[in-house]
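Take a moment to look at the chains before reading on. The text below goes from whole elements to single residues.

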Amino acid sequence: MRRVIFKTYRRLALVGALVASGLAVAALPGAASAGASGGVITVGTLYANTGSFATSSMPEYAGLQFWVKQVNAAGGMYVAPLKKKEQVKLVSFNDQSDPATATTLYNQLLTQNKVNVFVADFGSVLTAPAVTIAKDQKHLLFDITGSGTSFFSSGPNPYVVLTSLPVSAVWPKPVVGLLSSLKIKRVAILYCQNDFDQAQAAAIQGFLSKEGLKPVYFQGVPTTQSDYSTIVQAIKGTNPQAVLEFGYPNNDIAFLNQLKSTNTHFNFVLTPFPGQLPTLFQQDVGAKALDWGYTYAVPPILKINQVNIGLGLNQFLAKFAPGKESSVNFLNVAGYNAGLAIQAAFAHATSMSQLGIRAGLTAVNGKLQTLEGTFALNKAGAQVGELLPVSQMVPAGSGFAYKIVYPATPAQKAMVNATAKYPAPKA
Amino acid sequence: MRLFEYALISGVLYGLFYGFIGVGLNLLFGVMRLVNLAHGDLVVWGGYLAYSLTTSAHVNPLWAIPISIPLALVAGFLLYVLTVPRLRRSPDTETSSLILFFGVSQVLEALATMKYGTNQVTLPELGNPVTIFGQQYAASLVASAALAVPALALFYLYLYRTRLGLATRAVMANEEEATASGVRIRLVATSAFMIGLAFAAAAGPLATFMLGGINPTTGGGLTITAFTIIIIGSLGNPAGTAAGGVLYGLASSLTQAYATAWTGMVPYALLLVVVLVRPSGLFGRRVRVA
């Protein structure tokens, strides 16, 4: 019965998604005629309007839409091979957070809509099908936040470009540095079984083993996990000095709420998403439960205003959400930043072929300063410039503030504005 | 040993809640052979009602339970009148209901997205943790189990101590024979449909705690879990549903403790074993077909 229900769900969801996406495209002005030679540059993308990734996907999509609006308002995007500015048209479909639906729709973007370049939906789960398609069809993919290590581990690849985050395995490097500086040796690691989280967990395990340490707890759970009651007890039983939980936002929320509802206190807790979605976490977990926890610092926590393309952070905040700057989150920035990467690629492209457009990015590699930092790619297309320092959430009034406590690069030392408070005080 | 004890108690508490989730679906499938794919979405809407009450009126989210029951009874009656008689005339009621309720599920999900957005929403914890044998459990977990027990008892009383319950069981066992014996099928079916939906909505506020929050798509997974539980426990038997829930909760909790990576799989492996060894479920009776 379960199998029948599940299959029916999948099939009906796919049909629904195709119908819905067909309607979505029809609703886009001029979308049907948007092709490579229609006097516009077409950028294809997917977003998740529903499902478990909607929380992260929609703000990212809003950031990309904002970039399109900005660039068109400025008269279009400069396309070097054509020696003129072109308007940008976004062709977008709703994948409903389902990788199977996403696979169909990514293919549709390339084969039916014939977009010039395409942009992946949020995160590694929804990016994975796009990476395969980009490599198979030799079509340039701008991957915003799909930082799964496996996407970039098979040698040089000109067709996938990670725009907003370092590859997952690189993220935890400063975390290990911080743990080491705090002389923490008993580390518990809980991760969700997906490319993004597994890569981080494995990286930390690798870093620790170089120091002769072994995590006292190292377990994976399904990405759909929502009940952490017994897991928290199992972790507690290992008496860790630090607990690192790598999940997506819903996992982080459920995990932190479980700690709160059982009055469980650990001296060091790191979760990845409170830094990216502060408003959501403040609402769903509460400031008190976040106090003294750690997370990666991303814009707008990182305030980068010295840029040579697009808007600096303060300008972005003011224009993206006038009067509501505090509601802007990292994923808005990431969507916009992906647009800037596309803009740079076309501005320096050597031809309109996929490799010609990719060559545009090679020309500016390491020189581009965006509101996320230095845009630098390695040969596999992985982002190696925009590294993330570690921040601690400290009580501030009725809420909390992010304090950067450990840099990811020597250049970020100037950004450090507090010393990590360890052990974390009890609420 | 402490972890085993925690996993055991936590598993039983969660299991009772899961039993609560399964009861309404059990009734609908048992009486009318309707595969209500919208069951989980109704649970989610119950959760959203609790969220609305908490955020707008600042009252205890459990008030949503008594409020949701009459609302669900009315909604159940309307939905029954509009859909079920036609469904039951179709040559393959189960398949038709699968498709129809998939549509209902999608509509409910879309409405939830429009009203509440796509973000996860949570409810404030009900109180300080409760200490059982020296270990602390979330107040909401204990409250969920404490509410699930009387709900399952009420379901039992309805089925075994009322005339309507007797008629319901007769329909579950054999609809044709029940009709021949003068059972008013329509009354039984309408009642079962309304009660089933009321149970789903009433479980909603608890689900919001138990699942660490809800979002518009939470319902799909809940429906599958509910089906798993009623198949493990056996159709039409409230004790079976409770036992199915507890077994599911224990399997999930013990796996979390000792084989975390298998958490998503073990409860369904359990389902496979039960279906292979005892196709009628743990509490199912063997039926002799003459």
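What follows is a walk through a predicted model, beginning with a sheet in chain A and ending with details of chain B.

Start with the strands of chain A. Six of them form an open sheet with mixed pairing, in the order β2-β3-β1-β4-β5-β6. Which strands stand at the edges? They are β2, residues 77-79, and β6, residues 160-162. Each of these has a single partner strand, so one of its sides has no neighbour in the sheet. Neighbouring strands of the sheet are turned against each other by 35° on average, direction ignored.

β2(A) and β3(A) are antiparallel and are joined by three bridges. Within this pairing, A:Y78 has A:K85 in β3(A) as its bridge partner. The two strands form a hairpin, with four residues between them. In the turn lies A:K83, which has a positive phi of about 55°.

Strand β3 of chain A covers residues 84-94, and it also pairs with strand β1, residues 40-47. Here the sense is parallel, and the pairing extends over eight bridges. As an example, A:T42 stands opposite A:K89 in β3(A). At the other end of the order, strand β5 of chain A, residues 141-143, runs parallel to β6(A) and is joined to it by three bridges. There A:F142 has A:V161 in β6(A) as its bridge partner.

Another strand of chain A is β13, residues 373-375, which contains A:F375. Is A:F375 buried or exposed? Its relative accessibility is 1%, so A:F375 counts as buried, since the cut-off for buried is under 20%. The residue A:A203 is 172 residues away from A:F375 along the chain, and the C-alpha atoms of the two are separated by 23 Å.

Now turn to chain B. Its secondary structure consists of eleven helices and two strands. Read from the N terminus, the elements are α-α-α-α-β-β-α-α-α-α-α-α-α. The C-alpha trace of chain B spans about 55 × 45 × 35 Å along its principal axes. Of the 290 residues in chain B, 57% are buried.

Next come the charged pairs. How many salt bridges does the structure hold over all chains? There are three. One of them is in chain A, between the side chains of A:K84 and A:E86, with an N to O distance of 3.8 Å. The two partners fall in separate classes of accessibility. A:K84 has a relative accessibility of 43% and therefore counts as partly exposed, whereas A:E86 has 8% and therefore counts as buried.

A salt bridge in chain B joins B:E5 and B:R2, whose closest N and O atoms are 3.8 Å apart. Both residues lie in helix α1 of chain B; they are three residues apart, about one turn of the helix. B:E5, at 23% relative accessibility, counts as partly exposed. B:R2 is partly exposed too, with a relative accessible area of 45%.

In the salt bridge between B:E175 and B:R88, the closest N and O atoms are 2.7 Å apart. This pair links distant parts of the chain, as the residues are 87 apart: B:E175 is in helix α7, residues 175-180, and B:R88 is in helix α3, residues 64-89. B:E175 counts as partly exposed at 30% relative accessibility, and B:R88 counts as partly exposed at 23%.

Which residues make the nonpolar patch of about 450 Å²? They are B:M1, B:F4, B:L8 and B:Y258. Of these, B:L8 is found in helix α1, residues 2-32, the helix that also holds B:E5 and B:R2.

Methods: Residues numbered from 1 in each chain as written. Chains lettered and ligands numbered in written order. Predicted model: local features only at pLDDT ≥ 70, side-chain atom pairs only at ≥ 80, totals over all residues. Heavy atoms only, no water. Patch = residues over 30% accessible without salt bridge, like charges linked within 9 Å, V, L, I, M, F, W, Y side chains within 5 Å. Areas by Shrake-Rupley, 256 points an atom, 1.4 Å probe, with all protein chains shown as cover. Salt bridge = Lys/Arg side-chain N within 4 Å of Asp/Glu carboxyl O. Pairing = 2+ DSSP bridges. Axes fitted to C-alpha atoms, helices over the stretch in contact; angles between N-to-C directions. Buried < 20%, exposed > 50% of the residue type's maximum accessible area, 1.4 Å probe, protein only.
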